[in-house]
Amino acid sequence: MIDHGHDLASVRDATDRLLTAAAKLDNASVAEPSRLPGWSRGHVLAHLARNADALVNVLEGRPMYPSGEARDADIERDAPRPLDVQLTDLRDSAARIQETGAAPADWSRTVELRNGVTDSASRVPFRRWAEVELHHVDLGIGYELEDLPAEFSEREIDFLAARFSGHPEVPPTRLTDGTRAWRTGREASQPEVTVSGPAPDLLGWLAGRRDGSGLTVQGGPLPALPPL
C-alpha cells in the first residue's frame with residue numbers, strides 16, 4: 001500500500017538536502033555542465049522547479065504540461081538564471097506541491113501524466129521523490145547514488161524493473177543485490193540473464209545513470225535498456 005503522506009515527507013527531506021547542497025554553488029558553477037548531456041546545472045534546477053508545478057497540475061486535474069515543446073522552452077528560459085533565483089523558485093515550487101498534497105483528495109483516483117501515461121494519484125509523490133533524488137545526483141556536486149536513502153533505492157529499482165517488464169526488446173532478466181531480487185524484461189518462465197551487484201549500481205544502470213560496468217552478468221551480455 002502506497003503511503004502518499006510518507007512519500008510527501010520524503011520529498012520534503014530530499015528537497016531540503018538538495019537546496020542545502022546547491023546553496024554552496026555560485027553563479028559560475030550553476031552555468032557549468034551537469035551530468036546530463038546538453039544540460040547545465042541550471043537546466044537541472046529549472047527542470048526540478050517546473051516539474052513540481054507540472055505535478056501540481058496533475059494532482060489538480062490539468063494537463064501536466066501544455067505541450068512537450070512548452071516544457072522544453074520553459075526549461076531553456078529558466079536555465080540561465082542566477083543561483084539565488086533558481087533556489088527561490090525551487091523552494092517555492094516545492095512548497096506548492098506540498099500544499100497541494102496536503103489538501104483533502106481521493107488518492108486512489110487515476111491521474112494522467114505525460115504522453116498518455118496514467119498512474120494512481122498516490123504514486124505521484126514517489127515520482128517527485130525520484131525526480132529530486134536522481135537529479136540531485138545529476139548535478140554532480142558530491143551527492144552520489146550510494147548516498148540515496150536505502151528505502152528509495154529499493155523502491156526505485158522496483159519501479160524501474162516493473163517499467164521494463166514485458167518489454168519485447170529486453171530479455172527475461174533477474175536482478176539481485178545479493179539479498180533481494182527482481183524480475184524484468186520479456187515474460188518467460190525462467191530468466192535468461194542474471195544481473196547482480198550493489199543496489200546503487202543496479203539503480204544507476206536501470207535509470208541510465210551508469211553503464212553497468214559495476215555489475216556481474218550471467219547467461220548473456222548485459223541487456224540493453226530502452227530510454228526512460
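What follows is a chat about the pocket, the aromatic rings, a hairpin and some loop residues.

Student: Before we start, what kind of model is this?

Tutor: It's a predicted model, where local features need pLDDT of at least 70, side-chain atom pairs count only at pLDDT 80 or more, and totals for chains, interfaces and linings use all residues. Residues are numbered from 1 along each chain as its sequence is written, and side-chain values use heavy atoms, with hydrogens and water left out.

Student: OK, how much space lies in the largest pocket?

Tutor: About 1000 Å³. A pocket here is an open set of points on a 1 Å grid over the protein atoms alone, where a 1.4 Å probe fits, with protein on both sides within 12 Å along at least five of seven lines. The volume is the space filled by probe spheres set on the points, which are joined across faces, edges and corners.

Student: What's the lining like by class?

Tutor: There are 20 nonpolar, five polar and seven charged residues. Nonpolar covers Ala, Val, Leu, Ile, Met, Phe, Trp, Tyr, Cys and Pro, charged covers Asp, Glu, Lys and Arg, and the others, Gly among them, are polar.

Student: Switching topic, how many aromatic pairs does a search of the whole structure find?

Tutor: Four. In one of them, the ring centres of Phe126 and Trp129 are 5.9 Å apart with the planes at 85°, so that pair is edge-to-face. Rings of Phe, Tyr and Trp (its six-membered ring) pair if their centres lie within 6.5 Å; planes under 30 degrees apart are stacked, over 60 edge-to-face, and the rest tilted.

Student: Is Trp129 buried or exposed?

Tutor: Trp129 counts as buried, because its relative accessibility is 2%. The cut-offs are under 20% relative accessible area for buried and over 50% for exposed, with partly exposed in between (1.4 Å probe, protein chains only). Trp129 also pairs with Phe152: their centres are 5.3 Å apart and their planes at 50°, so this one is tilted. That pair links distant parts of the chain, with Trp129 in helix 6 and Phe152 in helix 7, 23 residues apart.

Student: So which residues form the aromatic cluster?

Tutor: Phe126, Trp129, Phe152 and Phe159.

Student: Now the hairpin. How do strand 3 and strand 4 pair?

Tutor: Strand 3 (residues 173-176) runs antiparallel to strand 4, over four bridges; DSSP has to find at least two bridges for strands to count as paired. Leu175 stands opposite Trp182. Four residues sit between the strands of this hairpin, where Gly178 takes a positive phi near 100°.

Student: Which residue other than glycine has a positive phi near 55°?

Tutor: Asn115, in the loop between strand 1 (110-112) and strand 2 (118-120). Asn115 counts as exposed, at 72% relative accessibility.

Technical notes: On a 1 Å grid over the protein atoms alone, a cavity is a set of points where a 1.4 Å probe fits but cannot get out, and a pocket is an open set with protein on both sides within 12 Å along at least five of seven lines; lining residues have an atom within 4 Å of a point. Helices (H or I, at least four residues) and strands (E, at least two) are DSSP runs, numbered from the N terminus.
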